[in-house]
Amino acid sequence: MDELDELLGIAHLSFDSIKSKRSSMIRTINDNGRLKIERIRKEDDKRFFKYSIN
C-alpha cells in the first residue's frame, strides 16, 4: 500500500486524504481499461486491503 501511494504521488498527504484520493485514482485507472488494480481484503485484518496490479 505504501509503495502504491508513492507511485501515485499521494504519500505526502494525510491518512484520510490518502484513502479517498487512492480510491478515486484506482477507480479512474480501472475505468481507463489499460491497467487493472484489484483491492483484496487482508485475511488477518479485514479493515485493510492488499492491492494486485494486473
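Q: Where does Tyr 51 lie?
A: Tyr 51 sits in strand β2 (strands are DSSP E runs of at least two residues, helices H or I runs of at least four, numbered from the N terminus). This is a predicted model, so to speak of local features needs pLDDT of at least 70 and side-chain atom pairs count only at pLDDT 80 or more, while totals for chains, interfaces and linings use all residues. Residues are numbered from 1 along each chain as its sequence is written, and side-chain values use heavy atoms, without hydrogens and water.

Q: OK, what is the relative accessible area of Tyr 51?
A: Tyr 51 has 21%, so it counts as partly exposed (buried is under 20%, exposed over 50%, partly exposed in between, with a 1.4 Å probe and protein chains only).

Q: And which residues is Tyr 51 in contact with, leaving aside neighbours within four places in sequence?
A: Tyr 51 meets Met 1, Leu 4, Arg 22, Ile 26, Ile 37, Glu 38 and Arg 39, where contact means heavy atoms within 4.5 Å.

Q: What separates the C-alpha atoms of Tyr 51 and Arg 41?
A: Those two C-alpha atoms are 8.7 Å apart, and the residues are ten apart along the chain.

Q: Ile 37 came up there. What else is Ile 37 in contact with?
A: Setting aside its neighbours within four places in sequence, Ile 37 has Ile 26, Ile 29, Asn 30, Tyr 51, Ser 52 and Ile 53 as contacts.

Q: Switching topic: which residues make up the largest nonpolar core?
A: Six of them: Leu 4, Leu 8, Ile 10, Ile 18, Ile 26 and Ile 37. A nonpolar core here is a set of buried Ala, Val, Leu, Ile, Met, Phe, Trp, Tyr and Cys residues joined through side-chain atoms within 4.5 Å.

Q: Now Asp 5: buried or exposed?
A: Asp 5 has 4% relative accessibility, so it counts as buried. Asp 5 is part of helix α1.

Q: What does Asp 5 touch, not counting residues up to four places away in sequence?
A: Asp 5 touches Ile 10, Ala 11, Ile 18 and Arg 22. Ile 10 and Ile 18 are among the residues of the largest nonpolar core, and Arg 22 is also one of the contacts of Tyr 51.

Q: Last one: where is confidence lowest and where is it highest?
A: Confidence is lowest in β2, with a mean of 90, and highest in α2, at 94. For the protein, mean pLDDT (the predictor's confidence in each residue, from 0 to 100) is 92, and 100% of residues reach 70 or more.
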